[in-house]
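Me: I would like to learn how to read the fold of a protein model. Please take one feature at a time.

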Amino acid sequence: MRDLWREFRTFLVERVVLWLLPLVLLFGFLTWLAWRQAAVPSSPFTYEVF
Amino acid sequence: MRALKHTLFALAPTVLVLAALEVSLALLGAGERTRNVWRGFDPDAAYLKPHPEHEGAWRTQMFAGHGSSDFVIPPKSEKTRVLLFGGSNTQGFAWKHLRQYLNEGAPPGSPGFEVVNLGRSGYGSARVVTIFEQALALEPDVAVIYSGHNEFVEASFRMDLEAAYSGWSAPLAEAASHLRTFNALVEGFSPDPVEKEKKPEEWNWEYGKFLKNTYDQTRERMAHYQDNLRRMLELARDAEVTVVLGTVAGNPLAAPFRSNPPADFPPEDAEELDELVARADELVPPSLTGIVPEHPSHRLHVKDWRPVNPAEVPPDFQMPRLRKYGPPFDGRMGWWPAPTRWSAKVEPYLRKLSAFHRREVSAEERVALEELRGVVERILELCPDHPMAHHRLALTIWLLEGDGQRTAEHLRLAARYDRAPRKASGLSNDLVRELVEEFPEVVLWDLETLVRQSAPNGIVGYELMQDECHFHEAARPVLMKELCRVLLEATR
């Protein structure tokens with residue numbers, strides 16, 4: 001188990017791109033999806049009728 | 001084996017970060033999954049929910065994100081419960097006045113009335129019917145339906161939503177909505193309802209969608225409107241709820257939005273029609289700019305009557321004089337707010353209207369108007385239901401001949417034939433009247449006739465209306481008096 005942990009830490013240090021890529025891709029995609037979702041307003045009217 | 005291990009190593013930070021975010025947001029109580037109740041189209045969403053603390057009470061969740069507050073509806077009591085349904089006019093109804101008038105007019109010793117306003121800006125009949133169905137749980141005694149201006153506004157909004165939430169990303173967004181991280185991001189990106197305010201003319205929803213609409217398509221859309229109203233009347237009948245159904249008053253002076261020939265319009269006439277329409281645009285005299293808008297920004301909008309930054313009122317300001325209405329709107333000239341609240345657009349617009357109503361035309365303009373009348377008459381020979389031609393013919397008849405009756409007739413036709421109307425007209429109100437005949441138990445609140453009959457020459461205008469469909473605030477208590485009379489009669 002300790003070897004596995006050591007191996008994992010080595011992987012994190014030596015192969016930064018490999019673990020950073022899915023992180024960036026997932027959060028980038030979620031951010032884009034959320035932005036798109038929020039782009040349509042709650043109503044075509046944004047003003048109150050007095 | 002090594003490849004699998006490295007794949008797991010590569011994914012582990014993403015999973016750990018996501019898990020840490022999910023746990024943190026859960027501890028903070030943020031990013032909860034909610035149904036998209038604020039847009040109003042989801043029939044599975046609850047727009048009214050039982051109050052968690054007060055038994056028998058309800059709370060709305062249909063106004064969130066729209067600058068208005070949701071509110072609590074108390075448990076049903078012995079009072080006659082009146083619910084109001086519709087769009088922005090209904091939302092703006094002076095319901096407290098209505099409640100006061102009803103309780104003043106209630107028979108002595110009766111438990112009285114309570115009024116709950118479930119109208120919301122932008123709602124057309126498709127969303128009103130959803131609210132109506134759910135609101136039957138509030139055990140209403142009477143339902144007032146005043147809906148008819150927003151069919152195209154609502155349809156346009158729905159088309160935008162469908163475009164935004166369709167395609168390959170739709171199931172992914174649905175799946176992502178189970179993540180608090182995603183929901184928190186959506187919340188973060190959603191603009192503040194106050195900060196996001198835009199000028200109404202900057203919203204192109206309604207203007208762009210129906211550019212090619214034919215009148216057959218308009219009537220098809222309005223058939224859905226009638227179906228939605230019919231559905232509400234059937235629900236009310238089953239639930240033994242009295243319905244007061246309103247005809248809906250619009251501002252016929254406001255120009256129609258779209259004027260397209262029929263789909264089978266002869267191609268040999270199409271070129272002539274295009275030339276005539278272009279010529280009719282050139283011939284509009286400057287005094288009619290705005291009344292005949294070349295751009296949405298030329299129209300008067302709700303916000304012009306109470307903008308964030310009103311225009312300064314000059315020291316020599318004199319109130320524009322428009323027309324006086326008969327009962328029940330007699331007693332004052334205009335129902336608009338004080339000039340200190342107006343945008344810079346209002347005062348010159350009202351001056352133009354004042355000159356129009358007084359038929360003040362220069363000799364030069366008269367020549368242009370004569371030619372304009374000939375052009376729009378020719379357009380109507382080619383296309384008898386051309387809304388723009390009817391509107392301009394009405395204006396020229398008034399200015400050149402002063403024939404109020406014919407002016408009113410053509411203004412009503414212009415509204416009726418509009419291919420993408422943003423106001424009720426004879427077309428929608430005929431459908432309402434048909435339903436009242438189909439459901440004899442339904443009480444008609446014929447507001448359109450009442451308002452029309454009160455207006456000089458039967459032409460409702462900006463004295464009562466802020467734009468094409470919204471009553472001025474000061475006029476609404478008068479409407480509530482009329483509604484009160486109908487309600488007292490209906491509940492006797």
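Me: What should I know before I start?

Reply: This is a predicted model, in which local features need pLDDT of at least 70, side-chain atom pairs count only at pLDDT 80 or more, and totals for chains, interfaces and linings use all residues. Residues are numbered from 1 along each chain as its sequence is written, while chains are lettered from A and ligands numbered from 1 in the order in which they are written.

Me: What is the mean pLDDT of chain A?

Reply: pLDDT is the predictor's confidence in each residue, from 0 to 100. For chain A the mean is 83, and 78% of its residues reach 70 or more. Residues 46–50 of chain A have pLDDT below 50.

Me: How many helices and strands does chain B have?

Reply: Helices (H or I, at least four residues) and strands (E, at least two) are DSSP runs, numbered from the N terminus. Chain B has 17 helices and 8 strands. Its radius of gyration, taken over C-alpha atoms, is 26 Å, close to the 23 Å of the globule rule for 492 residues, so chain B is as compact as a globular protein of that length. That rule is 2.2 Å times the number of residues to the power 0.38.

Me: In what order do the strands of the open sheet in chain B run?

Reply: Two strands pair if DSSP finds at least two bridges between them. The order in this sheet of 5 strands is 5-4-6-7-8, with parallel pairing. Strand 5 (113–117) and strand 8 (443–445) of chain B are the edges, each pairing on one side only. Within the sheet, strand 6 (residues 142–146) and strand 7 (residues 242–246) of chain B are joined by 4 bridges. B:Ile145 stands opposite B:Leu245 in strand 7 of chain B.

Me: Which residues does B:Ile145 contact beyond its neighbours within four places in sequence?

Reply: A contact requires C-beta atoms, placed from the backbone, within 7 Å. Those of B:Ile145 include B:Phe85, B:Leu229, B:Met232 and B:Val243.

Me: Which residues touch the most other members of the largest nonpolar core?

Reply: In soluble globular proteins, nonpolar side chains tend to be buried together. A nonpolar core is a set of buried Ala, Val, Leu, Ile, Met, Phe, Trp, Tyr and Cys residues joined through C-beta atoms within 7 Å; buried means 20 or more other C-beta atoms within 10 Å of the residue's own. Here the largest core has 107 residues, and among those touching the most other members are B:Phe85, B:Ile145 and B:Val243. Helix 13 (residues 387–401) of chain B gives the most to this core, with 8 residues.

Notes. Buried ≥ 20, exposed ≤ 12 C-beta atoms within 10 Å, placed from the backbone. Contact = placed C-beta atoms within 7 Å.
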